[in-house]
Amino acid sequence: MSRTLTDLDRRTVLGGGLAALAAPALLLRAARAADEPIRIGFPTPLTGPFGAEAKDQVRCAQIAVDQFNAAGGLNGRKAELLVRDDKLNPGEAATRTLELIEQDHVACIVGSLSSSVQLAVNEVTKARGMLYVSISQSDTITEASDFGRTTFHEALNPHMTAGAVARHVFKPGMKVAILLADYAYGNEMAAGFRRAAAAIGGVEIVLEQKHPFGTADYSTFLPRLRSVKPDVVCICNFGRDQANSIKQAVDFGITRQARIVVPVLLYNQRLAGSPEAFEGIVGGANYYWTIEDRVPSAKAFNDAYRAANNGAVPSDYGAYGYSGVRLVLEAMRRAGGVGTDAVVRELEGYHYDTCKGPETMRACDHQAIQSVLILQSKAKAAMKSAADLFDVLAIEEGSEANLRSCADLGHKT
Amino acid sequence: MEIDLIAVQLFTGVALGAVFVLLSTGLSIIFGMLGVVNFAHGAFYMTGAYAGVFFLALTGNFWLALAAVPLLIGALGLGVERLLIRPLYGRGPDYPLLLTFGLGYVLVEIVRILFGTDGVPFETPALLSGGIDLGGLGYFPAYRLFVIAVTAVILLLLWLLLARTRYGLIIRAGARDPEILSILGIDIARVWLLVFGLGTGLAALAGLLAAPMRSVNPEMGVAVLVEAFVVTVIGGMGSLLGGAIAGMLVGIVVSLTALWMPEMSTISMFALMTLVLLIRPQGLFGRGLAR
């Protein structure tokens with residue numbers, strides 16, 4: 001509403017064509033900007049195979065905005081979330097992001113899912129000096145080649161996630177086979193497992209088999225996987241590919257001879273799969289609701305989500321949505337404004353706790369140092385409720401030792 | 001070692017081929033007999049899986065669902081033919097093509113509204129869970145063997161219907177020359193109505209049978225529509241035998257590609273289709289453009 005009024009003012013001023021009037025009008029406009037809401041652009045793939053994850057991200061991001069506003073906003077200035085469907089398409093995401101910046105005058109962009117889409121968003125934000133908090137996994141976004149001064153990566157990255165799972169599961173003498181989706185995510189996760197295996201030592205990667213993204217039938221990939229007689233099979237794919245490949249691998253008896261592990265055990269895919277298919281599968285996660293028994297901020301986040309969603313609990317990718325938006329709003333409040341430079345300075349090296357315990361935004365590459373949960377999917381009989389899907393086997397606390405060094409990433413140190 | 005693996009891979013390919021045959025039969029029947037390119041095939045397939053989810057939740061009995069779903073979605077197909085397709089006969093093939101294309105979107109959207117956009121789980125029926133050790137061929141899921149058997153039975157029944165019954169004779173005659181058939185006093189509209197219902201029922205049956213192997217979600221029919229087209233085009237539009245052989249061939253090609261060039265396995269079926277179209281544009285067993 002206030003925006004339309006401003007536009008109207010500007011048009012009146014221009015229509016008048018009196019330069020003398022323009023100066024006070026601009027001052028007036030600057031004064032009005034302080035009352036305008038802080039707009040946060042939120043591109044996310046509402047339609048498409050990651051729709052379930054995306055919708056939960058929106059729900060959670062909205063909670064962060066509501067909490068910020070309820071606490072008085074930024075000296076009374078309220079925040080507003082502008083959600084846009086990026087359709088899981090890099091071109092669409094870039095267009096929507098550009099619109100958010102140029103037409104909606106957002107203060108920052110948070111969001112997008114899938115590595116290729118977030119890199120497309122990053123290209124746009126980087127070129128315009130716009131603040132961007134990415135909340136989906138990528139290794140390259142913090143590497144020197146893709147890094148931007150205004151780019152922050154709140155999500156885990158494949159190196160941390162696959163590394164944590166490997167450190168928990170891999171033992172010297174083990175034979176490991178990797179099945180990966182043939183695109184950025186799968187390749188980065190596989191590389192994460194490879195690096196971790198080399199660091200542990202004595203772990204042999206006996207097979208790396210790629211499958212096309214979006215494969216519906218995995219039967220043809222399984223005979224070779226069986227023939228190398230692995231102790232562990234790492235399945236590196238996302239979304240529906242994960243549910244499908246795990247189910248079929250179990251059907252074809254892979255779990256009779258090997259353990260299946262995944263870098264990211266997805267809450268929504270376990271719901272879409274079944275307890276039988278996922279039973280015993282081990283994987284990493286950024287968040288799982290039951291950590292509320294030991295992490296106070298998780299309890300507060302879950303309670304807010306429950307209150308807003310009829311007692312349901314947030315998903316892993318939902319927590320990213322909350323965390324990313326809350327992180328940037330907190331930094332704005334501390335900076336006392338939305339100026340990009342000031343907010344960037346606040347975020348670099350920032351210690352914070354949004355919903356999963358302490359995190360630190362590493363100054364040199366803008367990667368959030370944070371914990372990785374190691375989860376195991378429960379048997380049906382062991383589930384106490386419909387949301388009781390996983391056991392938390394371990395929590396690897398955030399540590400710079402588990403990240404690649406900034407020198408490795410190509411940053412000048 | 002490698003020889004063993006190739007044997008297993010061939011067997012897996014044939015098994016996958018049977019699934020492809022199952023997926024494409026409904027499409028092939030409707031095209032072969034009606035000349036209608038049914039772009040809603042994938043959507044009927046998906047609707048079948050969801051109808052199965054619904055029946056299973058209602059009755060808890062997979063076998064009851066297996067009997068009820070093809071009838072239910074087949075009946076839906078009858079309604080679609082009578083109300084939407086029939087007015088378009090004689091207007092050129094692009095009319096029903098565009099109509100079914102749109103219908104597919106409508107069905108997907110209805111399912112999204114009723115069941116949500118997320119996938120839903122579908123358990124393998126208890127009787128067929130687990131697997132069987134096939135010696136040198138390794139451990140194979142019992143359910144997949146069941147699907148292969150069902151596919152064989154369906155093909156046999158279809159062949160008996162089309163080649164050995166009076167009704168099949170009418171259907172085949174209708175595909176060749178509907179005008180003469182009308183002159184002979186046969187209600188051709190009724191034949192087409194039933195053929196369309198049969199095709200959609202088969203699509204739904206395929207969706208239900210695929211549900212325990214692949215996950216159930218509103219977009220599950222998209223890839224299947226493409227796969228079914230590839231198989232139908234390779235086999236020759238409207239040829240039952242051609243479809244069966246093409247399905248097996250596609251299964252084997254995909255499987256062997258997965259062994260040597262796994263990331264190319266999806267592309268391989270399109271490469272095969274291109275090759276067949278270059279050498280035999282009417283497909284392996286196609287009669288050419290009869291109509």
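**Entry 1: a proline in chain B**

I started at B:Pro262, which sits in the loop between α10 (240–260) and α11 (265–279) of chain B. Helices here are DSSP runs of H or I with at least four residues, strands are E runs of at least two, and both are numbered from the N terminus. A quick note on what I'm looking at: this is a predicted model, where local features need pLDDT of at least 70, side-chain atom pairs count only at pLDDT 80 or more, and totals for chains, interfaces and linings use all residues. Residues are numbered from 1 along each chain as its sequence is written, while chains are lettered from A and ligands numbered from 1 in the order in which they are written.

Is B:Pro262 buried or exposed? B:Pro262 counts as buried, because it has 21 C-beta neighbours inside 10 Å. The cut-offs are 20 or more other C-beta atoms within 10 Å for buried, 12 or fewer for exposed, and partly exposed in between, with C-beta atoms placed from the backbone.

Then I looked up what B:Pro262 touches, leaving out residues up to four places away in sequence, and found A:Gln209, A:Lys210, A:His211 and A:Phe221. Contact means that the C-beta atoms, placed from the backbone, lie within 7 Å. I also checked B:His41: it is 221 residues from B:Pro262 in sequence, and their C-alpha atoms are 28 Å apart in space.

**Entry 2: where the chains meet**

Next I went to the contact between the chains, which takes 32 residues from chain A and 32 residues from chain B. On the chain A side, α3 (51–70), β7 (204–211), α8 (222–227), α9 (240–251) and α11 (267–272) each supply at least two residues. Which of them gives the largest share? I found that α9(A) does, with six residues.

I sorted the chain A side by type and got nine nonpolar, 13 polar and 10 charged residues. In this sorting Ala, Val, Leu, Ile, Met, Phe, Trp, Tyr, Cys and Pro are nonpolar, Asp, Glu, Lys and Arg are charged, and the others, Gly among them, are polar.

**Entry 3: domains of chain A**

I noted three domains in chain A: domain 1 (1–35), domain 2 (37–156 + 298–369) and domain 3 (159–285 + 371–402). The bounds come from an automatic or database domain assignment. Domains 2 and 3 of chain A have C-alpha centres 27 Å apart, and their contact takes 18 residues from each of the two. On the domain 2 side, the elements giving two or more residues are α3, α5 and β12 (359–361) of chain A. That side splits into six nonpolar, seven polar and five charged residues.

**Entry 4: the largest nonpolar core**

I counted 200 residues in the largest nonpolar core, and those touching the most other members are A:Ile40, A:Cys108, A:Val110, A:Val233, A:Ala249, A:Val328 and B:Val195. A core here is a set of buried Ala, Val, Leu, Ile, Met, Phe, Trp, Tyr and Cys residues joined through C-beta atoms within 7 Å. Helix α1 (residues 2–34) of chain B gives the largest share, 14 residues. Domains 2 and 3 of chain A both give residues to this core, so it lies between them.

I followed up on A:Ile40: neighbours within four places in sequence aside, its contacts include A:Leu81, A:Leu82, A:Cys108, A:Val110 and A:Val325.

A:Ala190 is in helix α7 (residues 184–200) of chain A. A:Ala190 is buried, because 23 other C-beta atoms lie within 10 Å. Beyond four places in sequence, A:Ala190 touches A:Ile178, A:Leu180, A:Glu208 and A:Cys236.

B:Val147 belongs to helix α5 (residues 142–164) of chain B, and B:Val147 counts as buried with 21 C-beta neighbours inside 10 Å. Its contacts, again beyond four places in sequence, are B:Ala18, B:Val19, B:Leu22 and B:Leu209. B:Leu209 is 62 residues away from B:Val147 in sequence, but their C-alpha atoms are 6.9 Å apart.

**Entry 5: two asparagines with positive phi**

Most residues other than glycine have a negative phi. I found A:Asn75, not a glycine, with a positive phi of about 50°. A:Asn75 is in the loop between α3 and β2 (79–85) of chain A, and counts as exposed with 9 C-beta neighbours inside 10 Å.

A:Asn310 has a positive phi of about 50° too. I located A:Asn310 in the loop between α13 (296–308) and α14 (316–335) of chain A. A:Asn310 is exposed, as 6 other C-beta atoms lie within 10 Å.
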